[in-house]
Amino acid sequence: MARGHHKIFLGMAAGVGKTYRMLQEGQAEAEAGRDVAIGYLEPHDRPATAAQAEGLETLPRRGISYRGNRVEDMDLTAIITRHPELCLIDELAHTNAPGGPHEKRYEDVNEVLDTGIDVYSTVNVQHLESLNDQVSELTGIRVRETLPDAVLASADEVVLVDVTPQSLIERLIAGKVYKPEAVQPALENFFKIENLNALREVALRQVAEDVEAKRFPAQTALRPNGRRERLIDTHAQQAISERLLALITPQPGAQRIVRRAWRSAQRLGAELDVLWVARANPTAEQSEQIEALRRLASVLGAHLLLEQGDDVALVTQRVARERNTTYILMGPPHHHGALTRLLRPSLAARLLRTLPEIDLRIVADRTRPAERDVPELDP
Amino acid sequence: VSWLKREKQSGASGPAGGDKRILFPFDAHGLAPSALDAALRLARSQSGTLVPVFLARVPLHLSIDAALPRQSKLAVAMQDAVEQRADEFDVPVDSRIERGRSYRHALRQTIANERFEMIVLAAAAGDGPGFNAGDVAWLLANAPGEIVVLRPALAAVAPAD
């Protein structure tokens with residue numbers, strides 16, 4: 001049996017309209033003649049959302065007594081038994097009440113998909129496991145219910161449901177998101193314009209990365225000989241997200257290159273890798289610098305890579321290809337004599353020749369006069 | 001020729017520095033230009049290297065090794081400013097970022113991780129940037145090496161950026 005098709009509606013925060021959009025598309029599928037049922041819906045007392053669900057079959061919920069309270073959760077058995085063509089399931093990151101077959105709702109959804117049922121589901125970006133710390137640092141709010149990134153990565157489609165932070169705040173004030181008594185606390189805590197701007201950026205980037213990851217496999221064609229051939233050049237696949245690689249040697253000036261690279265990465269919304277290619281085991285002084293760089297990289301959220309090799313250009317070339325680098329940043333080159341330049345091209349020149357698809361940027365040392373030399377990596 | 005080569009290699013972080021390393025911790029509350037200048041004058045007089053350390057505070061709701069983009073922005077801007085000022089004084093620098101659950105915890109980590117001979121500390125004036133009396137007392141009791149406490153600066157400024 002073929003696995004069902006999974007479409008996720010991703011949003012930056014509650015109230016952007018994920019559930020509404022999921023129901024809207026569910027209605028369209030039903031009108032097109034498909035058998036659609038609601039597996040679980042969290043209407044949050046929003047009349048417009050509830051109205052959008054009208055006419056669609058809602059499957060029964062599972063009632064559980066938990067710590068003296070009666071709670072209701074999605075009934076996995078009921079969905080699989082009913083077996084609609086398409087099932088709408090809200091709140092993918094939800095933690096199930098005890099007593100069910102799985103701890104998390106996404107595990108239930110996985111089982112539904114395995115039975116061949118298509119699923120539409122919803123999630124907010126702050127629930128993604130890898131973004132949890134980032135979102136928490138940006139907003140000061142820790143989200144407890146998380147979702148492994150693999151769930152989003154394995155979805156067949158991810159749809160970003162986006163509104164501007166201003167519109168979302170207007171919706172909140174108009175009582176379209178929460179009950180009136182919950183509006184003011186929400187405005188004072190999570191729903192601040194700076195929080196929403198940051199979350200929106202994270203959500204947009206997440207979807208861009210997902211599009212990029214899925215773009216390449218789609219660009220293939222089946223040839224008459226039965227072979228699947230790529231329609232686009234391998235090196236043309238990094239059109240959307242940027243990834244920077246800062247080349248350093250473990251010495252005090254490296255910190256400046258890493259900081260400059262991090263600033264560029266921030267502006268581009270890119271990941272940053274920091275690479276040192278060592279020819280031999282590090283000296284005590286180099287080890288000290290590496291430890292300091294490790295601490296710097298950790299605070300910045302960059303990735304420190306240590307590689308061994310005699311040919312810095314060759315190792316850099318390999319790492320850049322492996323990590324889909326789009327920019328390389330490095331310190332200024334040595335001032336060699338004309339003969340040396342002729343016989344031994346600089347690292348920058350070699351990288352430009354061997355990695356034509358990658359931009360190269362020499363990080364100037366603005367604190368130093370032009371005549372001073374700055375040690376750089378040997379090619 | 002080998003002497004020239006050594007000279008060239010030692011210029012890694014700017015002007016050639018001596019072996020004496022002078023820690024200059026500061027935090028996100030800013031740093032007083034007068035304190036920085038005093039630390040740089042001390043470093044220059046001793047032919048030492050200034051080690052400006054940005055102390056990052058990791059809130060309890062984050063894991064201790066989490067990335068800190070908001071504080072990083074501040075740290076990067078402040079360290080660039082410190083390095084530019086150090087260059088005017090012709091003092092070599094070797095910047096650091098250290099993290100902890102509190103500024104004192106980050107300071108403790110700095111002392112544990114760094115090689116240094118002296119700590120130059122700017123004392124706070126009221127709510128201004130710098131370290132309070134408790135931090136200074138703790139440092140005097142716990143840190144090895146010389147400790148220079150600079151008196152509170154009136155012309156304290158918040159970080160740029």
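Two strands count as paired if DSSP finds at least two bridges between them. In that sense, Ser65(A) has Arg70(A) of β5(A) as its bridge partner. The model is predicted. Chain A has 379 residues, and chain B has 161 residues.

**Confidence in chain A**

- The average pLDDT of chain A is 83, and 85% of its residues score at least 70.
- Residues 230-239 of chain A have a pLDDT below 50, and this stretch makes 21 contacts in the model beyond near neighbours in sequence.
- Residues 369-376 of chain A also have a pLDDT below 50, with 26 contacts in the model beyond near neighbours in sequence.

**Chain A as a whole**

- Chain A contains 14 helices and 15 strands.
- Of its residues, 48% count as buried.
- Chain A exposes about 18,200 Å², of which carbon and sulfur atoms supply 49%.
- Taking the contacts in chain A between residues at least 6 apart in sequence, 72% join residues at least 24 apart.

**A hairpin in chain A**

- Strand β4 (residues 61-66) and strand β5 (residues 69-74) of chain A pair in the antiparallel sense, over 6 bridges.
- The bridge between Ser65(A) and Arg70(A) links a residue to its partner in β5(A).
- The hairpin of β4(A) and β5(A) has 2 residues between the strands, and Arg67(A) takes a positive phi near 50° there.

**An open sheet in chain A**

- Strands of a sheet pair through backbone hydrogen bonds, in either a parallel or an antiparallel way.
- In chain A, 5 strands form an open sheet with parallel pairing, in the order β13-β12-β11-β14-β15.
- The edges are held by β13 (303-308) and β15 (359-362) of chain A; each has a single partner strand, so one side of each has no neighbour in the sheet.
- On average, neighbouring strands of this sheet are turned by 25° against each other, direction ignored.
- Within the sheet order, β11 stands beside β14 in chain A.
- Strand β11 (residues 243-247) and strand β14 (residues 327-330) of chain A run parallel and are joined by 3 bridges.
- Leu244(A) is placed opposite Tyr327(A) in β14(A).

**Two loop residues in chain A**

- Where is Asp162(A) found in chain A? Asp162(A) sits in the loop between β8 (157-161) and α7 (165-173) of chain A.
- Apart from neighbours within four places in sequence, Asp162(A) is in contact with Arg200(A) and Leu204(A).
- Asp162(A) and Arg200(A) are 38 residues apart in sequence, and their C-alpha atoms are 7.8 Å apart in space.
- The side chains of Asp162(A) and Arg200(A) are joined by a polar contact of 2.8 Å.
- Thr146(A) lies in the loop between α5 (132-139) and α6 (149-154) of chain A.
- Is Thr146(A) buried or exposed? Its relative accessibility is 18%, and buried means under 20%, so Thr146(A) counts as buried.
- Not counting residues up to four places away in sequence, Thr146(A) touches Ala93(A), Lys104(A), Tyr106(A), His127(A), Glu129(A) and Asn132(A).

**Chain B as a whole**

- Chain B has 5 helices and 5 strands.
- From the N terminus on, the elements of chain B run α-β-α-β-α-β-α-β-α-β.
- Buried residues make up 52% of chain B.
- Among contacts in chain B with a separation of 6 or more, residues 24 or more positions apart account for 80%.

**The sheet of chain B**

- In chain B, 5 strands form an open sheet in the order β3-β2-β1-β4-β5, with parallel pairing.
- Its edge strands are β3 (96-100) and β5 (146-150) of chain B, each of which pairs on one side only.
- From one strand to the next, the twist averages 25°.
- Helix α2 (residues 33-45) of chain B packs on this sheet and touches β1 (21-27), β2 (49-57), β4 and β5 of chain B.
- The direction of this helix makes about 170° with that of β1(B).
- Strand β4 (residues 118-122) of chain B pairs with β5(B) in the parallel sense over 5 bridges.
- Leu121(B) stands opposite Val149(B) in β5(B).

Technical notes
Residues numbered from 1 in each chain as written. Chains lettered and ligands numbered in written order. Heavy atoms only, no water. Helix = DSSP H or I, 4+ residues; strand = E, 2+ residues; numbered from the N terminus. Buried < 20%, exposed > 50% of the residue type's maximum accessible area, 1.4 Å probe, protein only. Contact = heavy atoms within 4.5 Å. pLDDT = per-residue confidence, 0-100. Axes fitted to C-alpha atoms, helices over the stretch in contact; angles between N-to-C directions. Polar contact = N/O pair within 3.5 Å; in protein donor to acceptor, adjacent residues only side chain to side chain. Areas by Shrake-Rupley, 256 points an atom, 1.4 Å probe, with all protein chains shown as cover.
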